[in-house]
Amino acid sequence: MHKHSKIYIAGHKGMVGAAIWRNLEKKGYQQLIGVSRQELDLKNQTEVSRFFAQEKPSVVIDAAAKVGGILANNNHPYPFLMDNLVIQNNLIESSLEAGVEKFIFLGSSCIYPKMAEQPLREEALLTGSLEPTNQWYALAKIAGVKACEAIRKQYQKDYVSLMPTNLYGPFDNFDLETSHVLPAMIRKFHEAKEAGDQPVKLWGSGTPLREFLHVDDMAEAVCFAIETTFSENLYNVGTGEDLTIRALAELIQKITGHRGDIIWDSSKPDGTPRKLMDVSKMTQAGWKASIGLEEGIKSTYQWFLENQATFKEVKI
């Protein structure tokens, strides 16, 4: 892929899309395309098709999605299923129609069965039941993976799906009603510290194991995918290392400087017991993560401190 290739990043203002944009710009890619929601409604098939016909991108990166944590998925299942299906279907279909050379579909580790053997291998897809709390989002992403696989099989197009583990970093969502666990903890511990080291109440038992990948590492993986022709259609992207939610909380507590108690609400769901990615396929292809968890959380917390004035006020 040449530095002057036209690359469209759907969702370029989101955490992942913005990181990909920064990465590609830094590497000298000169024709990056990003369009706001006001300019292009990705849920409108006619608009998306017209946009592709006009712009004619060589590469499309689908980083556009409706995302959220356990609470948001539980309370709003329909939009997590349907909005994501419509957005990705419009992008995939329009890319095929417009003759896009390479399509990179970004998903999530939640596509794998709840009780799949750990670490999660790509071959585990569709071998068991999904985690109930986020099955709606997972089903949409599975459909996207299969759509890209079908195009790859039928049309021999270089359409590939990258499944990241839990992502975090600059421009993450710190809204306590809709955020994922790591950014929610950063905000809770910081605001509890500012309130005189008040106790922090967290969901579940703290025993589930989770893996976390800095969004700048994810951006590196996407850039690697642009410049590489993969032999398969689905690749996990992660660090290959995990830790308990309790250990994560203690690490974030240390980084933020909070000195109060941590209270675990075991009446709330834990979610999947463990989610560790088998990243051997990406490693064999030539890519691996480089940002350590403590280093990544420290930089994310610094970004939070610099931008917290923009966040909605909530009670702890």
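Helices α6 and α8 cross in a right-handed way, meaning that the near helix is turned clockwise from the far one by less than a right angle. This is a predicted model, where local features need pLDDT of at least 70, side-chain atom pairs count only at pLDDT 80 or more, and totals for chains, interfaces and linings use all residues. Numbering starts from 1 along each chain as its sequence is written, and side-chain values use heavy atoms, with hydrogens and water left out.

Back to the helices: α6 covers residues 181–194 and α8 residues 245–256, and their axes come within 9 Å, crossing at roughly 45°. Those axes are lines fitted to C-alpha atoms over the stretch in contact, with angles from 0 to 180 degrees between N-to-C directions. That makes the pair oblique, the class left over once angles under 35 degrees (roughly parallel), over 145 (roughly antiparallel) and 65 to 115 (roughly perpendicular) are taken out. Residues in contact (heavy atoms within 4.5 Å) include Phe 189 in α6 and Ile 252 in α8.

Next, the sheet. It is open, with mixed pairing and the order β11-β8-β13; β11 (243–244) and β13 (274–275) are its edges, each pairing on one side only. Strands count as paired if DSSP finds at least two bridges between them. β8 (residues 209–210) runs antiparallel to β11 over two bridges, and Arg 210 has Leu 243 as its bridge partner in β11.

Finally, the cysteines. There are zero disulfides, a disulfide being two cysteine sulfur atoms within 2.5 Å.

Methods:
Helix = DSSP H or I, 4+ residues; strand = E, 2+ residues; numbered from the N terminus.
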